[in-house]
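Please open the model in the viewer and keep the selection panel at hand.

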Amino acid sequence: MAQQHAHIRDALVRSLSARLHRYLGTQEGEAVLDEIATRQAAQLRRAVPDPRQDREAVELLLALYQARLLAGSGREDRAAAQRDQEVRDALQRCVERAGWAEPSTEVRESDKRRLLDAAHEAVTLTEIARVALAAAVGDNGLTEQALTVCHEAVAAVPDELPHLRVSPLQLWSATLRLRYERESNPADLHACIAKLREVLSLIPSQHPDRAAVVDELGVALRMRYEAAGALADLDEAVRWSREATASSVPEGTEAAAGYSHNLGLALRRRYERLRRDEDLEEAVRRHRAAVAHSGRGLAGYATFQLGLGNVLGEIVAPGHGASPSPHAPHEVWSEQLAAYAEAAAHAESPDVAASAAAARARALTKVPRGAGPDTHLREPVLRTERIRTEHRLRRAMAGLPEGHPLLARIRHQLGRTLMERALDEHSSRLIPEALALHRAAARQPTADIRAQITAAAFWGTAAMFLDEPDEAADAYELAVGHLPKLARPHLALSDAEAGLNFPALASDAAACAWRAGDAERALRLLEAGRGVLLGQGMRSRDDLAELRAVEPRLARRLTALRSLFDRTENWASEHTGDLRHVGAHEWETLLTEIRVHLPGFWQPPALGSLLEQAAHGPVVMVNVSRYGSAGFVLTGPPPDGSLRTVPLPLLTPEVAESHSATLRHAHSRLMDPAAELLEHPVQQSHIRNVLAWLWEAVAAPVLGSLGPVERLWWVPTGPLAALPLHAAGHTGEPGMLDAAISSYTPTIAALAHARRPHRSEAVPPLHLVSRPSALIAAVPAPPGAPALARADEEAQLVTRLLPNSRLLQGPTAHREALLEALPGHPAAFHFSGHAVADPAAPSAGRLLAADHPLTVADIAALDLPGAHLAYLSACATAYTGPYLSDEALHLTSVLQMTGFHHAIGTLWAIDDTVALERVRAFYSDPQWVSDPALALHRATLAARDANPLAPSHWAAHVHSGA
């Protein structure tokens, strides 16, 4: 009988132990509260007649009844809860009377059970307090200890009971995020996200902690978006944050307020990126709800007010269209300032106080338009408020430790405030301090990259204000050097371009160096800061033969990473997106290691390498800057080649932008079917005026410095990139078309890429191919676009002129067919149809195929070594809009990046009859095979001579490349 009782007792211990562990791992209350658990607990109590003789059972029962009290804290059956409390108290007294201070020597559980106990005991209130203390005081030692404990706790859990990892994983992720916020190491953020994803895989959908976990994951993903710029991370952050807000957490609680605040932050970031009004409208609602659910004295109140102030700032920002607020902009602005005041007054940490001070300082510089006489802050009051904000910023700066990521933003904002005061007071006395603040912010390695670039640009501005171009060049060089970090190769092209919105940065850098008397440095800065995306794309297609010869192991690793990044579908899932982020960190480490062996690997070229590209004719980089514009003219390879500069005093950013706007307006009127025909001569006259200005401001001074030349390559910058330098001149007088054959290139490195030797023996030079293969595509009526009457005729003409060509026409010219056919037709790719340029998102520029558009991003994924000519007979395929003008990212340049030696496109919309005439003249010239630039030049010259008063008909086509 005793043996039978022992058997029953052991079975009860195993069953209740499993239930307890299930509850601890999943928080499922029924595991310890259901009828079976209640009955088994009572049976085990009866099976232990002498508690002093069965320590294991007593301690198990004590833990079980403690769990029942926790799990059943909201039970309606008060009597049952009271009984559990009485049993728990009795068991506790039993343990105390027994005096079990040391571990029992009669432990019946296996080693596995002891491991489980260790896993749970590791994550105690002591360790949670340790993390909280680390957060409060920034003690790296405490943080490292907490991370070690979490790691050991997770490692102690057996593989067959993975749900027991939930608690230590949650603490681990929180600690990693804490360290990331303090040190800005992206590896910590990636690891934090990985831990949270593992937690989600271990808990059921109805787990009470799920809302908190998905909220934390949404926050971490938003932070990663802010650091790296991947829209997929932000979209996922919105999704998880939305799930958290939809959970059953009661309204009016701090948790509900926090979830609403975090969703509002993610939506505001997405509005900043995509400018969708529905995101801003919901973000405002969410932030208002967060404040409404909170209150003074409650945790998070100041943070919620800060979030509300920031989102209200988007409403009053210039350029916002449909305001989601029924109030006037100045009323919203006043509410914004009040929210910042509340945040500062009730800040629960130095970080929040500093952020509120900086945000209020920014808001005070952006008085909304039309504020009217009833604005509560008039100019004298505004000046007083700005001085007070300056004092707040100084206090905030003093309250942050050196190296804190937020410190750079505070220094930068204080520097801006001082510069604005200096301008208001017409005095330079505050500029040196502002300069020093910006310099310190720009050089702080823990600061966000965008913050460093912005601070460096203001540092350069302050230095130029003090007439110190040498220091300004140092500042701008630091900023330019950071640009590639915003467009790392693991990002989708659209993500990378979104991060590069620093207009005129490279041009201002070059101008400062030129003003300092260093033309070579100016040229290198201009080359390094432009075409960042194109440069990365070209490098990804470079031959790694030199690296393989020196370090084959590093070459293999680099190739593997490039393969991972080149697979565009890798953003389709969370797992592969995470891999790309981790790969980006390895990429940076790998490049550093490679440059130990090859110091110049994938670095901006030296002057000698740049001069080599002038072997076939001068290369002219035309820089447009507020600090002075100039042409940097390369006149031949070493040792006789030289770099000379040509001052261009008539070329200013404002005038160039004005002429660019005139050109755009004239073309839009000429292509508008509703426009009066009598208006056409007027618009053509406006275009002729632009060409005359180009001659006086740029072409004539450059040609005057060169003397007679047969050929030259233009590298225009800023607003000049949208203007037809090749057609500059006065009507009826010899101009640029009469002086030389003009080609374009986005950068000098892009020209070298177009001239590089063939990488594949399977693609011989075109002149050695007896029957070259061309791909011709005609899409006269794509979905959603007007029909082109002459597109089919043009395609048939080109097919007759180019034997052995493949024609994709109408429905057969769909997107996949074009992508599949392009690699097999290296001689030429001719497209006749519609194209759309997207000035706001250049990577979305597209050729309209028969089904779905073929975008710049689609083409950028191709690798076409040795391809000869791409002729895009469509609208605005070489148009560089005002957004990201220095990237020169469009359909023509991206085809050159993929491998085409020559690319022909258009700067603006063209009539399809005009397009047909130009195509006929081009392909009828036998020189198109060996010298496409010459063939296009002859065709353009003939068209001009036939109709000199209508430059819109003959000045649109441009040649880019070798």
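Is Arg421 buried or exposed? In this predicted model, Arg421 counts as buried because its relative accessibility is 16%, under the 20% cut-off. Select helix H19 (residues 405–425) to locate Arg421, then display Glu390, whose side chain makes a polar contact with that of Arg421 (2.7 Å).

Next, select Arg275 and Glu314, the side chains of which form a salt bridge (3.8 Å, N to O). The two residues are 39 residues apart: Arg275 is in the loop between helix H13 (254–274) and helix H14 (277–293), and Glu314 is in helix H15 (residues 301–316). Glu314, at 10% relative accessibility, is classed as buried.

Proceed to Arg626 and Asp508, which are joined through their side chains by a salt bridge (3.2 Å, N to O). Arg626 is found in the loop between strand E1 (619–623) and strand E2 (630–634), and Asp508 in helix H24 (residues 505–515), so this pair ties together parts 118 residues apart in sequence. Asp508 is buried, with 6% relative accessibility.

Then select Asp738 and Arg944, where a further side-chain salt bridge spans 2.8 Å, N to O. This pair links helix H33 (residues 736–739), which holds Asp738, to helix H41 (residues 932–946), which holds Arg944, 206 residues apart. Asp738 is partly exposed at 40% relative accessibility, whereas Arg944 is buried at 14%.

Glu520 belongs to helix H25 (residues 519–529) and is partly exposed, at 36% relative accessibility.

Definitions and conventions:
Residues are numbered from 1 along each chain as its sequence is written. This is a predicted model: local features need pLDDT of at least 70, side-chain atom pairs count only at pLDDT 80 or more; totals for chains, interfaces and linings use all residues. Side-chain values use heavy atoms; hydrogens and water are left out. Helices (H or I, at least four residues) and strands (E, at least two) are DSSP runs, numbered from the N terminus. Buried means under 20% relative accessible area, exposed over 50%, partly exposed in between (1.4 Å probe, protein chains only). A polar contact is a pair of N or O atoms within 3.5 Å; within protein, one must be able to donate a hydrogen and the other to accept it, and residues adjacent in sequence count only if both atoms are side-chain atoms. A salt bridge is a side-chain nitrogen of Lys or Arg within 4 Å of a carboxyl oxygen of Asp or Glu.
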